[in-house]
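Here is a briefing on one protein chain. Look at the sequence and the model first, then read the points below.

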Amino acid sequence: MNGRDTTWLREALATRDVERVTANMPAAGERLNDARRHIRSARRLADDDRTLAVAACHDAVRKAITAHMAAAGLRPRGGDGAHRLVLDYARHELADVVSEADLADADDIRKDRGLAEYGDFASRQLTPGHIEASADVAERIVNAVASALASGRRSKPSR
């Protein structure tokens, strides 16, 4: 268990916020590749379609974290609050590879995605510089998760 506190994961499994599935490293790799493509797309869209660009940054972060989950044989429950749950997983299970600052910024990206989807005048509030900063955060998280998986660092659900 490498000394990590497993309380959060045990509770998430008990409440079925996280489910056990068959570990799937090829699916994890595909999600990481998708995440990298999303970041490239976000950078290209920063001037023309900022709401879609911020959604791409959000998806990149979410796919990177769920890639780690897939490699560990875990899956977040779907539905309301699932995106927040994915970030909670990262805070507890990836704290040694993703900085708290990047996770806080990722939560801001999640909120920006909500603004882009449901807010008024979102394209006026999201600037190209904002998108570039979000893409930088997403890229750091994707790279950190990819490095963790390459080094064999996966969560081991307690029984």
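Gly 152 is found in the segment after α7. The model is predicted. Gly 152 is partly exposed, at a relative accessible area of 40%.

**Overall layout**

- The protein chain comes to seven helices and two strands.
- Along the sequence, the pattern reads α-β-α-α-β-α-α-α-α.
- The protein chain has 159 residues, and 45% of them count as buried.
- Take the contacts between residues at least 6 apart in sequence: 80% of these join residues at least 24 apart.

**Helices α3 and α7**

- How do α3 and α7 cross, and at what angle? The axes of α3 and α7 (residues 128–150) come within 9 Å and cross at roughly 10°.
- The angle is under 35 degrees, so α3 is roughly parallel to α7.
- On the α3 side, the contact is made by Arg 50, Ala 53, Val 54, Cys 57, Ala 60, Val 61, Ala 64, Ile 65, Ala 67, His 68 and Ala 71.
- On the α7 side, the contact is made by Pro 128, Ile 131, Ser 134, Ala 135, Ala 138, Ile 141, Val 142, Val 145 and Leu 149.
- The residues of this contact divide into 17 nonpolar, two polar and one charged.

**Ala 42 in helix α2**

- Ala 42 lies in helix α2 (residues 25–45).
- Is Ala 42 buried or exposed? Ala 42 has a relative accessible area of 0%, so it is buried.
- Beyond its neighbours within four places in sequence, Ala 42 is in contact with Ala 53, Ala 56, Cys 57 and Ile 131.
- Ala 42 and Ser 134 are 92 residues apart in sequence, yet their C-alpha atoms are 9.0 Å apart in space.

**Thr 66 in helix α3**

- Thr 66 is found in helix α3.
- Its relative accessibility is 9%, so Thr 66 counts as buried.
- Which residues does Thr 66 contact, leaving aside its neighbours within four places in sequence? They are Arg 31, Pro 76 and Val 86.

**The cavity**

- A rolling probe the size of a water molecule shows where empty space is left.
- The count comes to one cavity of 30 Å³ or more.
- The largest cavity holds about 50 Å³ of space.
- Its lining consists of His 58, Val 61, Arg 62, His 83, Val 86, Leu 87 and Arg 110.
- α3 (50–71) and α4 (82–93) each supply at least two residues of this lining.
- The lining residues divide into three nonpolar, two polar and two charged.
- Val 86 of the lining is also a contact of Thr 66.

**Arg 16 and its backbone**

- Arg 16 is found in the loop between α1 (7–14) and β1 (18–20).
- Most residues other than glycine have a negative phi.
- Phi of Arg 16 is near 65°, a positive value.
- With a relative accessible area of 65%, Arg 16 is exposed.

Definitions and conventions
Residues are numbered from 1 along each chain as its sequence is written. This is a predicted model: local features need pLDDT of at least 70, side-chain atom pairs count only at pLDDT 80 or more; totals for chains, interfaces and linings use all residues. Side-chain values use heavy atoms; hydrogens and water are left out. Helices (H or I, at least four residues) and strands (E, at least two) are DSSP runs, numbered from the N terminus. Buried means under 20% relative accessible area, exposed over 50%, partly exposed in between (1.4 Å probe, protein chains only). On a 1 Å grid over the protein atoms alone, a cavity is a set of points where a 1.4 Å probe fits but cannot get out, and a pocket is an open set with protein on both sides within 12 Å along at least five of seven lines; lining residues have an atom within 4 Å of a point. Grid points are joined across faces, edges and corners, and a volume is the space filled by probe spheres set on the points. Ala, Val, Leu, Ile, Met, Phe, Trp, Tyr, Cys and Pro count as nonpolar, Asp, Glu, Lys and Arg as charged, and the others, Gly among them, as polar. Axes are lines fitted to C-alpha atoms, for helices over the stretch in contact, and angles run from 0 to 180 degrees between N-to-C directions. Angles under 35 degrees count as roughly parallel, over 145 as roughly antiparallel, 65 to 115 as roughly perpendicular and the rest as oblique. Contact means heavy atoms within 4.5 Å.
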